[in-house]
Structures are given as structure tokens and as C-alpha cells.
Amino acid sequence: MFETTIAGSLPKPDWLAETHKLWPQWRAQGEALKQAKLDATLLWIKAQEDAGLDVVTDGEQSRQHFVHGFLEQVEGIDFEHKVKMGIRDNRYEAMVPQVVGPLRLKGRVHADEARFARAHTKRKLKFTLPGPMTIVDTVADRYYGDKVKMAMAFAELLNQEALALQADGVDIIQFDEPAFNVYMKEVNEWGIRALERAAQGLACTKAVHICYGYGIQANIDWKKSLGEEWRQYEQIFPALASSSIDQISLECYHSHVPPDLMGLLKGKDVMVGVIDVASDTVETPEEVADTIGRALQFVPARHLLPCTNCGLAPMDRHVAERKLRALAEGAALARQRYGG
Ligand code: MET
């Protein structure tokens, strides 16, 4: 009951990469970098276990960014000539690589870190991949000329990697789709179809993470513009509820998402965001348990997975460690309070 999990990413230690950044520069190269990534992975697996989390991840220590990490292993993408592009409906600008030819995987993308993580934990292991719609929104297209066609091409590649991750022993594969609350019409037209293509044939648990973004300034400003109630999920949850995806996330703590929207996800596991990623104030176990209590009005206990609102990548490392503990302690308190 109340199996705890995180959105995926954790801060990189300062000997691995620049800190407090979404697109940090690595501190080493070649073999030394490879080793440093695995060392950081081990450190965070231990920290998640020590905190008492039920499901652990590799902390996304081996990728520079949650979308571009996957793209680095895709043929047909030019990383040498990045261009500035407005992403998430021009919410912020990013330097993005360009799609310049047919897309194909160069080989395995995440075999090293997934197998390494699997070898070092007996807990459930979740592995995250960017979703097709979010990828399409984070690259510049100079080849396909058609968003849906390009998304389906990415979905096929994601599916190849997802099936291989399952064979590596991963228990849960999560696709990250923060673009899902920006382009709601497209989500219903093709976003969920592309997501299901990416998850096709998986027998392990399939999750989708949707959110209002990291705790960076552009997102904080955007949220201020969304009004008193954030109802975006209302437009996409019905279709997600009838999809083949098992677990769906939503922000709860410090968010303006009306909690009754969780009721639209009947039958699904709901990853309920009980940890704010936009504030360094560490939640108390009581606050976490209170948030779980509110969500229980709309989600049965066996389907409720306490989670972080989004990834912790740009956060201070020590704050993140304390937030992991707050998450686990809050869930433990909720088990006592609501367990019987
Ligand atoms: N898995 C990603 C992370 O935890 C999701 C990011 S969505 C903006 O960082």
C-alpha cells in the first residue's frame, strides 16, 4: 500500500556535472565520464534505498537531459548544429538538435546504466524514457515535415529500447510526456496513439509521467498564468484511462489541479505528486500524509502511489536527499493513519 516512487531524475553530484542546471556540462570525458556516471548511479540507488523508497530509478545520472539523453543514440539527428527553439508552446527557449534524416537507433541507448542499476538493487526498478510527443516538441525538424509521422518514427525507436530494457530486468517503464498538458487536442488526436506504440508489447508495468514541469523560473511564471484551477488534465485523462498504460502521474502538493480530476483515472494506478519540486522547503511527513489523505477521496488506496511532482534534477543535492526521506516517511505515516 502507498508504494513510493519518484518522477525519475535526481541531481548530479558536482564531480559528475554542473549543478542546479537542466542542461549541465559533464565534468569528465571518455572512460572517466562513463565511470563517474555509474558511480553517481550507485550513490543514488543507495540514497533511495536508505530513504526507504519502494521503487528506485537510476536517477537519470547518465543523461544530460531527460529528452536529449535518448536522442544522442539516434541516427538522423545532428547534435553538432543545435538551434534555438521555443518549446512547450514557446514557454521557454532551448538549444535543440535537428532531425536531418531517417531516424534509426545506433544501438542500445541505456543498457549500461539499466543493467548496472539492476545488478545493484533488489527493489523494483523503474526506468524512464521521453515520450514521443515530448521528443517532437524538443527537436527541430528539418526532414519529416510532419509531426505525427516523426512522432511515430520516434515511438518505434522508443519501443525497441523499451523492450530491451524489459529484457534487462526493469520492472516499470515510464514515458515522460510533459507536453501532454500543453497540446491537449493533439494528445487525443495522436499523442496517446504514439505513446501506446512506444509501449507496444511490453509485459512489464507501463507508466506515463505528465507534469507542469521542473522547478525552473520559466515554469513558475507559466503556472502563474494558468489561473486558479488547472484543468488541462480533464481533457486528456478520459483517453488515458481507456489506454493500455497502467500508471499515470499528476501533481498534487502546491498545485492548482482540482483533486477530483483523479476520479477520471478509474482503474489506473495514480502517481500522486506529494513533493513540490519548485521549492527547497522540505515537506514534513505530516504534510505528505495529508496530501495522500486528500487524494484518497478520489483514488483507492491500492492504486495510490506517492511520488514527486516532477524530476529533481535541477535541485540542490542535499535538499533532494531530504525530500526523498520526507516522501518515504510521509507514506509510512499515511499507512498508519489510513491503513486499517
Ligand atoms: N523523468 C523526468 C525527470 O524526472 C521527467 C521530466 S518531465 C519535465 O526529470
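A residue is called buried here if 20 or more other C-beta atoms lie within 10 Å of its own, exposed if 12 or fewer, and partly exposed in between, with C-beta atoms placed from the backbone. The model is predicted: local features need pLDDT of at least 70, side-chain atom pairs count only at pLDDT 80 or more, and totals for chains, interfaces and linings use all residues. Residues are numbered from 1 along each chain as its sequence is written.

The buried residues of H10 include Ala320, Glu321, Lys323, Leu324 and Gly330. Among the elements covering them are helix H1 (30–51), strand E9 (269–275), helix H9 (285–295) and strand E10 (304–308), where contact means C-beta atoms, placed from the backbone, within 7 Å. H10 lies across E9 and E10, at about 120 degrees to E9; axes are lines fitted to C-alpha atoms, for helices over the stretch in contact, and angles run from 0 to 180 degrees between N-to-C directions.

I turn now to the sheet. Seven strands form an open, parallel sheet in the order E1-E4-E6-E7-E8-E9-E10, two strands being paired if DSSP finds at least two bridges between them. Its edges are E1 (55–56) and E10, each pairing on one side only. Within the sheet, five bridges join E6 (residues 172–176) to E7 (residues 205–209), and Ile173 stands opposite Lys206 in E7.

How values were computed. Helices (H or I, at least four residues) and strands (E, at least two) are DSSP runs, numbered from the N terminus. Two residues are in contact if their C-beta atoms, placed from the backbone, lie within 7 Å.
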